[in-house]
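Let's explore this structure together through some questions and answers. Take a moment to look it over, then read on.

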Amino acid sequence: MDLPYAEPYKIKVVEPIYRSSRDEREIWIKEARYNLFNLRSDRVFIDLLTDSGTGAMSHYQWSEMMLGDESYAGSLSFHKLKDTIEEILGMPYFLPTHQGRAAENVLFSALIKAGDMVPGNSHFDTTKGHIEFRRARAIDCTIDEACNTHEYHPFKGNIDLEKLEAVFQKYPKEKIPLCIITVTCNTSGGQPVSMQNIREVSALCKKYGIMCVFDAARFAENAYFIKTREKDYEDKTIREIVREMFSYVDGATMSSKKDAIVNIGGFIALRDKAIFDKASVFNIMYEGYLTYGGLAGRDLGALAQGLKEGTGFDYLEARIGQVAYLGKKLRDLGIPIQEPTGGHAVFVDAKKFLPNVPREEYQAQTLAIELYIESGVRGVEIGTLLADRNPLTRQNRYPKLELLRLAIPRRVYTNNHMDYIVAALGNIWQRREKITKGFKIVSEAPIMRHFTVELERV
Ligand SMILES: *Cc1c(COP(=O)(O)O)cnc(C)c1O
């Protein structure tokens, strides 16, 4: 018998979590105006709101917290991180930042101006925000298969080369400062990009003289999918695959709260000295001096160690295996999910799950609230509330998909927790026909309403 994977670590410290009653949760969620962001975290039993900054650090990472060198300039922790980035990503220049969006802010300040076009694959919200804030435009060139939840495609994060070339042909080179490849694609469900696609996008960028950059938040999970799904890569190590991936790009922005398994941190990695020099000016203004960039020395050390651990095969197999485990158990019950499951989350198709709830009454939010009341599990709506209103007509924008995202923190929960989530969703699935009413908005902010929106039952 083949031995199954098992987590390549054991648990040394535990954090108790409170298992509340259904009656308590009914009261708490009403008090929170049916917005899961308003819940105090001790009222949540299993928290799948996000995998960002919620991972568990290893004892080596905690040791780095103690070894942190807090010198203002030239800190040893900085050099530890610089050496690690050079070794793992093969990038000679880097700037630390306090998180991923800060890396975007600094790099884009150096590169993007009003009227520019920035093609890529389903740009992440903050990436798009930092592009649009500069009055430039993000153009999504993801392959069409990404929108079809039940169709299997091994690399749904891929960029459609024809769509990309059309952008390169339509606009002059001066208007396209960079092309962004998001690995893995968060917005479309943690879907990976193949090595072949990275290579081809890179070649096309070179042909048109355009800079190519990774949004690298989940680069290691992407490398795992290349190893396990792409021809000719099964015998390569994760580190070899990562080196090859980065060999095709000119730089990267990184949210270390994802694949570097730290609670805070980010960076920019670059190949070109001139761009590094330009970005350095903004880093000093917005983030801090070049050798700390808004982080403590101890954070830099933990990040360096996290990059090493996050690119280990056994770790990735257990991590992505757990996401796949949850997906399989839900699928076995007939629950509609985005196929295949991605690296960091399972997306439940709420439109198919609650067809009797009108679209105007927020199907995915209704499912998220049902799940919380049923079990104390907190997921997040990726649907109409998040899509917000059309800024001109003020009408709701209805996205193609109404999803409940269950994002799995790294090294935090066991498969018993996964089974608990499956049972809870299974119970709701059994009585889904009877759920016919959703929610209506009582108050909302003019922009990014999902964080603070207040709701009541219809
Ligand atoms: C999280 C994330 C970001 C932004 O990073 P923060 O650390 O949250 O600021 C950017 N891109 C992707 C793909 C992400 O997942």
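A residue counts as buried under 20% relative accessible area, as exposed over 50%, and as partly exposed in between. Keep in mind that this is a predicted model.

Q: Is Phe-37 buried, partly exposed or exposed?
A: Its relative accessible area is 31%.

Q: How do the rings of Phe-37 and Phe-451 pair?
A: Among the 15 aromatic pairs of the structure, this one has ring centres 5.0 Å apart and planes at 70°. Planes over 60 degrees apart count as edge-to-face. The pair is therefore edge-to-face.

Q: How many residues apart are Phe-37 and Phe-451?
A: Phe-37 is in the loop between helix H1 and strand S1, while Phe-451 is in the loop between strand S13 and strand S14. The pair links distant parts of the chain, with a separation of 414 residues.

Q: How do the rings of Phe-78 and Phe-94 pair?
A: Here the centres are 5.2 Å apart and the planes are at 20°. Planes under 30 degrees apart count as stacked. So the pair of Phe-78 and Phe-94 is stacked.

Q: Is Phe-94 buried or exposed?
A: Phe-94 belongs to strand S2, and its partner Phe-78 belongs to helix H3. The relative accessible area of Phe-94 is 4%, and the cut-off for buried is under 20%. Phe-94 is therefore buried.

Q: Which ring lies under the charged end of Arg-359?
A: A charge can sit over a ring when it is within 6 Å of the ring centre and within 35 degrees of the ring normal. The charged end of Arg-359 is 3.9 Å from the centre of such a ring. That ring belongs to Tyr-398.

Q: Is His-344 buried or exposed?
A: His-344 lies in the loop between helix H12 and strand S9. Beyond its neighbours within four places in sequence, its contacts include Asp-51, Glu-221 and Arg-405. With a relative accessibility of 0%, His-344 counts as buried.

Q: Where does the largest nonpolar core lie in relation to domain 1 and domain 2?
A: This core has 61 residues, and Phe-214, Phe-219, Met-245 and Phe-246 touch the most other members. Its largest share, six residues, comes from helix H8. Both domain 1 and domain 2 give residues to this core, so it lies between them.

Definitions and conventions: Residues are numbered from 1 along each chain as its sequence is written. This is a predicted model: local features need pLDDT of at least 70, side-chain atom pairs count only at pLDDT 80 or more; totals for chains, interfaces and linings use all residues. Side-chain values use heavy atoms; hydrogens and water are left out. Rings of Phe, Tyr and Trp (its six-membered ring) pair if their centres lie within 6.5 Å; planes under 30 degrees apart count as stacked, over 60 as edge-to-face and the rest as tilted. Helices (H or I, at least four residues) and strands (E, at least two) are DSSP runs, numbered from the N terminus. Buried means under 20% relative accessible area, exposed over 50%, partly exposed in between (1.4 Å probe, protein chains only). Contact means heavy atoms within 4.5 Å. A nonpolar core is a set of buried Ala, Val, Leu, Ile, Met, Phe, Trp, Tyr and Cys residues joined through side-chain atoms within 4.5 Å. Domain bounds come from an automatic or database domain assignment.
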